[in-house]
Amino acid sequence: MIIDLRSDTVTKPSKEMLQAMLEASVGDDVYKEDITVNKLEETIAEMFGKPKALFFPTGTMANQAAINLHTKPGEQVICDKYAHIYNFEGGGASFNSGVSCKLIDGDRGMFTAEDVLQNINPPDFYHSPLTSLVEIENTTNKGGGACWDFEEIQKIRKVCNDHQLGFHLDGARLWNALIAKKETAAQYGKEFDTISVCLSKGLGCPIGSVLVGDEELMQGALRVRKILGGGMRQVGYLAAAGLYALEHHINRLEVDHNKAKEIAYVLSKVSYIKKVEPVETNIIIFELVDTVNSEEFLKKLNENGIKLIGMGENKLRIVTHIDYTSKMHTKVLKVFNNY
Ligand SMILES: *Cc1c(COP(=O)(O)O)cnc(C)c1O
């Protein structure tokens, strides 16, 4: 038994999901003739109370399209130093859109409206890049699955309105935040100009992300997606997995969250661990004591069939997901307890 806790992207589609994919009606989505893709886009747009949604192959492409829609070359995006768009999208913000990032030194990937205010360059001071977009992540990936305080988001929205800035949410794991905080997609739709969500993380699909936004921006998104090479043809087979997941895999995220909390509890009790970061959703980041080497620790776990990833600085990450069964969970707790 291999227990893969490196990420929630390692899941494989269930029989039921595969069946839904097999039965999908498809067409050429570049001509917008794939009724399953259209249905997925309409369903997600409706959930967020936004006029339009667009299916993307990856979350990276959806975020990159959003950045492109909100900015012009030379401009600047405000985001946290932990942001996925800054750290893990291959430098795409500069490559695709010619923009720089103004990094905020936040807390677990989160910052305040006051931080945003202090990082907006004065628009008439033409020596500095023009600030045009604020981007946040919920839940935060590098921040250990932390959830934003919704009121702070509303305050940032206000700052964006006052300074004519776009506001984009990287919601790769927004579903986890919605479940953990008992919030709704519609709530988020009201505060952001654009939101990207992943189907391929906690929701267990093999592929797929969706970008939602207002009519005019999303008209542009169709063009940008094509430019980035994301115009896909009979892709309803993949959209069908998304529709299946929206119906069956959202509420169950609580199971992943509970398992993560149970693992964190065990880790907080053992002597070889220095610190476990607070767990709110499905990600656990913890730090080994200085006398335990992370490479060696990972190797020992591997010998027990358990896979995690290192994050540098003797820190490790665990992500729970739909394919992480109760039987696996029992074993993991036992291995950690007895290490
Ligand atoms: C996974 C992830 C993405 C998108 O990743 P893809 O692998 O391109 O789908 C974007 N933002 C965050 C925070 C993520 O965790």
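Reader: From which domains does the lining of the largest pocket draw at least three residues each?
Author: In this predicted model, the largest pocket holds about 240 Å³ of space. Its lining includes Tyr 82, Arg 108, Lys 275 and Glu 313. At least three lining residues come from each of domain 1 (3-8 + 252-338) and domain 2 (15-248).

Reader: How many residues in the lining of the largest pocket are charged?
Author: Among the residues that line this pocket are Lys 142, Lys 275, Glu 277, Glu 313 and Lys 315. By class, the lining has four nonpolar residues and one polar residue, and the charged ones number six.

Reader: How many cavities of 30 Å³ or more does the count give?
Author: A cavity differs from a pocket in that the probe fits inside but cannot get out. With the cut-off set at 30 Å³ or more, the count is three.

Reader: Which residues line the largest cavity?
Author: The largest cavity has a volume of about 50 Å³. Its lining is made up of one nonpolar, three polar and four charged residues. The residues are His 84, Glu 137, Thr 139, Asn 141, Asp 170, Ala 172, Arg 173 and Lys 201.

Reader: Which feature does UniProt place at Lys 201?
Author: Lys 201 is one of the residues that line the largest cavity. The UniProt entry is unreviewed, and the feature it places at this lysine is "modified residue: N6-(pyridoxal phosphate)lysine".

Reader: Is Lys 201 buried or exposed?
Author: Lys 201 sits in the loop between β7 (194-198) and β8 (209-213). The relative accessible area of Lys 201 is 13%. Buried means under 20%, so Lys 201 counts as buried.

Reader: With which residues is Lys 201 in contact, leaving aside its neighbours within four places in sequence?
Author: Two of the contacts, Ala 172 and Arg 173, also belong to the lining of the largest cavity.

Reader: Which strand gives the most to the lining of the second largest cavity?
Author: This cavity has a volume of about 50 Å³. Its lining includes Glu 135, Ile 136 and Glu 137. The strand that gives the most, with three residues, is β5 (residues 131-137).

Reader: How many residues in the lining of the second largest cavity are nonpolar?
Author: Tyr 82, Ala 83, Phe 111 and Trp 148 are among the residues that line this cavity. The lining also has two polar and three charged residues, while the nonpolar ones number five.

Technical notes: Residues numbered from 1 in each chain as written. Predicted model: local features only at pLDDT ≥ 70, side-chain atom pairs only at ≥ 80, totals over all residues. Heavy atoms only, no water. 1 Å grid on protein atoms, 1.4 Å probe; cavity = no way out; pocket = protein on both sides within 12 Å on 5 of 7 lines; lining within 4 Å. Points joined across faces, edges and corners; volume = space filled by probe spheres on them. Nonpolar A, V, L, I, M, F, W, Y, C, P; charged D, E, K, R; others polar. Helix = DSSP H or I, 4+ residues; strand = E, 2+ residues; numbered from the N terminus. Domains from an automatic or database assignment. UniProt positions renumbered as here; feature names shortened; annotations may be inferred. Buried < 20%, exposed > 50% of the residue type's maximum accessible area, 1.4 Å probe, protein only. Contact = heavy atoms within 4.5 Å.
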